[in-house]
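Dear colleague,

Please find below the structure that I am handing over to you.

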Amino acid sequence: MDIKLDPSRDDLPLVANTSHILVKHYVLDLDVDFESQVIEGTIVLFLESGNRFKKRSSSTEVTCPSESNEACKFRMPEPCQIPVTNTKTFSSKIGYNDFVICGKGEKDTSGKDGNHDNQEQASGISSSKYCCDTGNHGSEEFLLVLDCCDLSVLKVEEVDVAAVPGIEKFTRSPKLRNQIVHELMALPADRWREQLDYYARCSQAPGCGELLFDTDTWSLQIRKTGAQTATDFPHAIRIQYRTKPQGRSVTWTSDQSGRPCVYTVGSPINNRALFPCQEPPVAMSTWQATVRAAASFVVLMSGENSAKPTQLQEDYSSWHYYVTMPMPASTFTIAVGSWTEMKPEICSSNDVATERSFSPSEADFSPHIVFLSQSTLTGMSQLCGTRLCHEIAHAWFGLAIGARDWTEEWLSEGFATHLEDVFWAKAQQQLAPHEAREQQELRACLRWRRLQDEVQNSPEEMQVLRPNKEKTGHVSDSGSSVIRHGLNPEKVFMQVHYLKGYFLLRFLAKRLGEDTYFSFLRKFVHTFHGQLILSQDFLQMLLENIPEEKRPELSVGNIFRDWLESSGIPQPLQRERQALAECGLAQQVSAEVSAGDAVHALPFLPPRAVGPALHPWRGARDRRRRRATTVAKWVRVNRRPRKRKRKDREEVFEKLLPDQLVLLLEHLLKQKTVTPRTLQSLERIYRLSEQDAEVRHRWCELIVKHKYTKAYRDVERFLQEDQAMGIYLYGELMLSEDPRQQHLARRCFELSREQMDKSSAEVVAEMLF
């Protein structure tokens, strides 16, 4: 497609000067106010600077702010339990009733970019524009630059950590505040409880001097008069701020019962509209947070502990969470609402897995919070199961091992997509190895079709997995960089980095043999756990660990050229097209369809996955034969005249699992005409309006294509309840040029636009108006 890209509008800047100074720990103390739709309070940053932050000489290396070869590693603590501390340690020094910042309770109506209200709120300190260097040289003052957007910053001050009682017991320099912070951060891992306690105590210490600050569209800039280097700059600072209702990191909405809730959406600007932070991936830190809300709400966060509320006065509760494994600030998540805890039920023999207890160590290292759309929770458990497998895979690729350059998204999404199939096969305990392989081949065929659609309907530049090529991982002298197309709203809906990354890993696994590949993958995870990587880190180790006879034509350069640095379908994958066409179940479906003279042969369109509740492989051969003729049967039904002779036999249709329904509906979408009688029979026999979102989406496509007015209610329901998945349907409704369908689209959008995420709303608005 001929889509023009605008780097000034589409690229996301990461402006924090991480090469000079790093945030090592955050302490957040926040209040959630649903009436004003504002989160307000303070954040204390504990910083580290020094000669360790030097750029390495190799042109392929990135600035890695740490010591020697530990450049992109983070400390791994012992398994964590809830710290035993006095709850008063984590409460605000100001009484809850007195914690009022600039008109709390009144909805913030200031400018969207958060750049024009600080001069009036800076307590008399000048925040006019000034010229100063962000580095460690020259006579100008040092400037701390943080990633910040859509925030009202009210006050910035240095924290007098030397005033904390008892702080002198583990520091050699009790009067040197920066030295105190340095020694606090250097405590060994086995003293993590004490460390968290002192971080909390320090965060509540009095201020010892306000700092000058200014904001622009993407940053908060802070300086101290007379501090000319990062070493001189205060290493513990407190920022008083509040979010804005329209801030792009936070979504204020209602749950399915109409009760208010708020959660962090993260994408596309991560958390910089939730708190000032350092966004570049090298800026990994630990954190702890105290969040207060009305007692009727539950506060959930991505912490390592299972928090319990502390009751405060006037029907408010306080929740405390923490993380001791250094992570990017983008992994901080919060969800506040009237949540209900659902305990796992005892599973039947036909379910995905049986209930079992977990040891404390296993529980400590499982994912802490996963957000799933309600769309995955309807119908059978297949869709929810595969999505959960994908998100769990991110615990290894995305969290335990991260991308050093966020333009290399395939290192997270490609791996999660590839491992999704492996985990899903394991979750279906009754699945034999050869049955799992057949299922995975079917999913590969479906992904091939998706990838074909993707490359045909997206700009070529956005199909490249390594757009910065040899400059991947490079940053400016200050540590700032940009994420290519990070602000383009269409990127949120693209799957190229999922699909091409998946097919690259599938290609390597087939080339090396699955046993060799997965044996290497275990070694790779063990070696790089807790580190940030680039593509070459993975590929070089892979090639070094496989026998020479399996290396022909495999090199880092060739893989870069064929898979990561070119648009379109990679050449090695093009050559595999015939093998995909010969996939067993897909070939049978194609043959049966062709034999029935039903629709055009679609060899690359298998079911998406297999549902666990009814095990699909029992009597598989007989069922395949029956199901493969289903499309032909439906086409025969569709071609029959309305009045038929009584002796005509009725077609007998098998009960289909969700993946078979997706396949059936995709085939029928290729028919030029499907009668209302046929559509009515389809809905009745398969109860399509009660199926999972993947099936209902195809059903809605059929409704729209053939203007089946009796089922427009199903389209309305889908657009309002499955908002992200319904984006494509809005386009279909508008392209139909049917006034009733266009009116339906606009009416549904007006009803749901306030609840939609901002990227989805922006894309739909462009379609409709």
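Four bridges join strand β4 to strand β8 (residues 219-223), and these two strands run antiparallel. Within this pairing, Asp147 has Ser219 of β8 as its bridge partner. Strands (E, at least two residues) and helices (H or I, at least four residues) are DSSP runs, numbered from the N terminus; two strands pair if DSSP finds at least two bridges between them.

Please note that this is a predicted model, in which local features need pLDDT of at least 70 and side-chain atom pairs count only at pLDDT 80 or more, while totals for chains, interfaces and linings use all residues. Residues are numbered from 1 along each chain as its sequence is written, and side-chain values use heavy atoms, with hydrogens and water left out.

The sheet

The strands β4, β8 and β7, in that order, form an open sheet with antiparallel pairing. Because β4 (144-147) and β7 (212-215) each have a single partner strand, they stand at the edges, and one side of each is left without a neighbour in the sheet. From one strand to the next, the twist averages 20°.

Two helix pairs

Two packed helices are described by the angle between their axes and the distance between the axes. Axes are lines fitted to C-alpha atoms, for helices over the stretch in contact, and angles run from 0 to 180 degrees between N-to-C directions.

Helix α6 (residues 410-427) packs against helix α7 (residues 433-456) at an angle of about 150°, and their axes are 10 Å apart. The two are therefore roughly antiparallel (over 145 degrees; under 35 counts as roughly parallel, 65 to 115 as roughly perpendicular and the rest as oblique). In the contact (heavy atoms within 4.5 Å), the α6 residues include Thr417, Glu420 and Trp424, and those of α7 include Gln439 and Arg443. By class, this contact has four nonpolar, three polar and four charged residues. Ala, Val, Leu, Ile, Met, Phe, Trp, Tyr, Cys and Pro count as nonpolar, Asp, Glu, Lys and Arg as charged, and the others, Gly among them, as polar.

Helix α8 (residues 496-512) and helix α10 (residues 535-544) pack at about 5°, with axes 13 Å apart, which means that they are roughly parallel. Here Leu505, Leu508 and Leu512 of α8 meet Phe538, Leu539 and Leu542 of α10. The contact of α8 with α10 has six nonpolar, no polar and no charged residues.

A buried helix

In helix α17 (residues 658-668), eleven of the eleven residues are buried, so this helix is largely enclosed by the rest of the structure. Buried means under 20% relative accessible area, exposed over 50%, and partly exposed in between (1.4 Å probe, protein chains only). Among the buried residues are Asp659, Glu666 and His667.
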